[in-house]
Protein chains: 2
Amino acid sequence: MDLQAQPTSGQSPYRILREADLRGYLAGLPAIVSQLGGAAGDWSISEVGDGNLNLVFIVKGPRGGIAVKQALPYVRLVGESWPLPLSRAHYEHLALVHQARLAPRLVPAVLHHDGPLALTAMELLEPHIIMRKGLIGAVSYPRFVEDISTFLAQTLFFSSDLALSAAEKKDGIAAFAGNHALCKITEDLIFTDPYRIAEQNHWTAPWLDATAAAFRGDLDLHVAISRLKLKFMASPEALVHGDLHTGSIMVTESETKVIDPEFAFYGPMGFDIGAVIGNLIMAFLASAGHERSPGERASFEAWVLEAVEGVWNEFSRKFLVLWRSEAKGDGYPASLFAGEAGAARLEAERQAYMARLFQDTVGFAAAKIIRRILGLAHNIDFEWIADEKQRAICEARSLKLARNMMLETPSYTTIGAVTYAARELRHWQPDFAR
Amino acid sequence: MDLQAQPTSGQSPYRILREADLRGYLAGLPAIVSQLGGAAGDWSISEVGDGNLNLVFIVKGPRGGIAVKQALPYVRLVGESWPLPLSRAHYEHLALVHQARLAPRLVPAVLHHDGPLALTAMELLEPHIIMRKGLIGAVSYPRFVEDISTFLAQTLFFSSDLALSAAEKKDGIAAFAGNHALCKITEDLIFTDPYRIAEQNHWTAPWLDATAAAFRGDLDLHVAISRLKLKFMASPEALVHGDLHTGSIMVTESETKVIDPEFAFYGPMGFDIGAVIGNLIMAFLASAGHERSPGERASFEAWVLEAVEGVWNEFSRKFLVLWRSEAKGDGYPASLFAGEAGAARLEAERQAYMARLFQDTVGFAAAKIIRRILGLAHNIDFEWIADEKQRAICEARSLKLARNMMLETPSYTTIGAVTYAARELRHWQPDFAR
């Protein structure tokens with residue numbers, strides 16, 4: 001992969017762009033002018049403020065549109081009191097280049113990147129919506145399993161020791177090592193804070209007060225999350241997206257695009273796969289909170305669980321296909337597995353490797369669920385359930401499942417065991433609901 | 001740790017130094033002049049050619065002596081046909097600085113480093129000898145267990161996630177990522193070649209022909225070594241020495257000095273601990289080949305096995321002491337293990353962590369043994385056994401033990417199980433000896 005920031009025309013010292021600034025800046029970039037068409041004065045520019053961290057502008061011209069993302073030197077959601085390095089735009093761009101090469105249809109095309117301005121201009125995704133919103137609306141996405149499993153298999157396999165030489169891999173690890181401020185957010189908000197008293201934690205009170213307290217006192221859980229944290233910090237298996245929830249996926253019924261890889265770094269593969277699966281499970285268990293009449297969303301809910309199974313099964317199948325045909329890396333040298341018996345033994349080892357990866361996936365999926373209910377950043381799957389008690393019921397079911405997935409990980413030997421457990425909990429009532 | 005190469009006076013473009021060159025070069029360095037005393041013309045300079053990779057000069061003056069190590073752009077043992085980057089001198093220097101800070105008495109003091117010349121001048125270790133030679137002579141070293149366990153505990157703990165923030169750790173990983181050419185030597189010569197046909201492999205023929213062939217066809221072993229290789233490549237647990245055999249340790253009865261960390265990188269801790277233990281086991285099983293009368297070396301042999309146990313037990317004890325008192329890293333946050341119950345649960349987890357680390361240690365120790373008997377680089381513990389059949393018997397015992405340690409690793413739950421198995425094999429006779 002290309003690990004160098006590309007020098008581009010039009011680079012400028014950092015300043016936060018306002019609309020007028022941006023118009024002048026873009027007018028100096030031939031590729032952008034050509035994409036938008038017309039004269040700069042004809043372009044509409046609106047800041048959509050969609051993310052928690054950055055400025056995002058939608059720019060439309062007579063011929064087409066673009067999205068422009070600029071990093072701020074702080075967390076947008078919180079303000080200047082929470083500084084965050086601009087370099088994240090550099091890592092996001094590196095990751096986008098990697099993903100575009102390996103999964104070209106599945107990420108937005110980069111039209112322009114300006115390192116000093118921490119700015120990237122991309123194709124505008126229209127009429128795509130954030131997948132999480134679609135799921136809340138009970139929309140199923142027939143392309144999703146196929147696309148996300150391709151994205152995962154391609155991006156993870158080709159940045160792993162199975163595809164790269166150890167030297168290439170170490171170059172990649174070093175190239176992303178500087179993105180540690182973004183990793184630190186994950187380390188704190190996912191792997192630590194939900195399990196202790198932290199100012200930023202919140203949950204649906206008073207219903208979940210007892211569960212939140214129980215999680216803060218559950219030492220088995222603290223050991224399990226600490227092991228996962230250590231794995232997150234010190235298992236550079238592949239270049240992971242690092243924030244692959246359903247809010248980082250834009251969809252139509254016929255297209256899937258993965259966006260916002262600014263948390264990218266070399267980490268455990270299961271973190272990405274678990275993010276997808278954990279967020280789909282939340283979509284499933286939040287669904288009851290959005291139904292206006294019993295059973296109304298049953299076919300959607302069935303689809304979500306099929307998608308959970310499909311994501312793992314198709315990822316696993318595609319990853320194995322790549323391993324069997326594209327294993328040019330330093331891991332598992334072909335010369336040690338020559339002949340028919342060697343091939344059979346290596347295939348058995350591949351299955352064992354996937355079984356270990358599945359265990360990681362289950363654990364990380366659980367961690368992603370818990371942080372969305374007891375930590376700082378919640379998701380609208382639950383937040384948009386207006387009836388707070390009903391929301392708490394959906395959240396309690398999710399927490400019960402996640403806790404079990406984290407503590408009894410080895411008992412989940414197949415993805416079917418996960419969806420079975422989720423289905424069982426769909427109608428479970430916590431004490432406060434009885 | 002200090003991750004930048006220090007600019008020093010007297011830096012010069014790279015050239016291979018001859019004796020006269022070196023004299024002039026050193027005469028320009030006040031710290032060296034002061035260490036040696038007298039005038040440059042008074043100094044004796046001899047190239048001792050002790051290593052496989054580099055030039056090593058001993059320089060002595062009226063006041064004192066120094067050792068000067070210069071990297072060559074190729075493997076000295078093989079010649080220019082096997083190029084090897086000079087940057088290894090940079091990584092060696094970085095590692096020495098790290099080790100000197102954490103285990104100050106246990107590494108040679110660096111007097112001067114010249115990056116472009118790939119040259120480091122160190123205190124001369126006198127009257128120290130290479131530990132391997134002492135072990136061949138049946139000398140026991142009463143300080144050794146205490147010193148090496150301190151070296152291991154200090155250098156590994158303080159570069160781990162238990163002592164560092166994730167950001168510091170990633171900086172360290174990145175700082176050593178470029179040393180991949182040295183890692184590649186290990187990946188090939190330890191984790192791959194002994195298990196396949198490779199031109200450079202050799203063994204004590206004809207006695208070990210059948211065993212070598214069996215290892216090349218043993219698919220269980222190929223899976224096990226491939227898992228260890230993957231761990232070596234993708235488990236940056238701590239800054240490891242990377243080549244910690246008894247030839248990288250210089251000793252007197254009262255001092256221990258670890259030298260030659262040019263293979264240093266962030267890797268699995270068990271690789272260093274296993275290197276020490278594997279090499280001690282070879283010293284033990286080679287001992288029979290050096291005895292002139294039965295039982296002559298019995299007390300030495302008993303000491304070696306005590307040392308094997310001591311290395312693990314003392315390392316483990318010291319590492320745990322550090323973990324309990326110096327855990328300022330991002331792993332296992334104290335806030336998740338508050339109170340008496342929390343402390344007890346964390347202590348149980350520490351024991352579980354050490355148990356996992358012990359498993360790694362057993363596997364890597366086995367890998368280190370096998371490569372010395374079936375691979376390219378052999379060791380004089382065996383090579384100096386003049387009777388080739390007797391040598392083959394000692395090697396066959398070692399291979400039998402190593403194979404079992406690698407395939408049945410979980411059955412070795414304590415270091416006592418390892419020494420018990422070694423002791424059992426001390427008098428075992430392979431088929432060709434019967």
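Helices here are DSSP runs of H or I with at least four residues, strands are runs of E with at least two, and both are numbered from the N terminus. This is a predicted model, in which local features need pLDDT of at least 70 and side-chain atom pairs count only at pLDDT 80 or more, while totals for chains, interfaces and linings use all residues. Residues are numbered from 1 along each chain as its sequence is written, and side-chain values use heavy atoms, with hydrogens and water left out.

**Aromatic rings**

Let's start in helix α11 (residues 298–326) of chain B, where B:Trp312 and B:Phe315 sit three residues apart, about one turn of the helix. Rings of Phe, Tyr and Trp (its six-membered ring) pair if their centres lie within 6.5 Å; planes under 30 degrees apart count as stacked, over 60 as edge-to-face and the rest as tilted. Over all chains there are 38 aromatic pairs. One of them joins A:Phe271 and A:Phe364 edge-to-face. That pair links distant parts of the chain, 93 residues apart: A:Phe271 belongs to helix α10 (residues 269–290) of chain A and A:Phe364 to helix α12 (residues 339–374) of chain A. Here are two pairs side by side.

| Pair | Centre to centre | Angle between planes | Type |
|---|---|---|---|
| A:Phe271 and A:Phe364 | 5.5 Å | 90° | edge-to-face |
| B:Trp312 and B:Phe315 | 5.6 Å | 50° | tilted |

Buried means under 20% relative accessible area, exposed over 50%, partly exposed in between (1.4 Å probe, protein chains only). Both A:Phe271 and A:Phe364 are buried. B:Trp312 is buried too, at 7%, and B:Phe315 is buried at 0%.

In chain A, one aromatic cluster includes A:Trp312, A:Phe315, A:Phe319 and A:Tyr353.

**Cavities**

On a 1 Å grid over the protein atoms alone, a cavity is a set of points where a 1.4 Å probe fits but cannot get out; lining residues have an atom within 4 Å of a point. Grid points are joined across faces, edges and corners, and a volume is the space filled by probe spheres set on the points.

Of its 13 lining residues, the closest to the centre are A:Ile173, A:Pro236, A:Phe265, A:Tyr266 and B:Lys170.

The second largest cavity holds about 90 Å³. Its lining includes A:Lys170, B:Ile173, B:Phe265 and B:Tyr266, and α6(B) gives the most to that lining, with three residues.

Conventions. Chains lettered and ligands numbered in written order. 1 Å grid on protein atoms, 1.4 Å probe; cavity = no way out; pocket = protein on both sides within 12 Å on 5 of 7 lines; lining within 4 Å.
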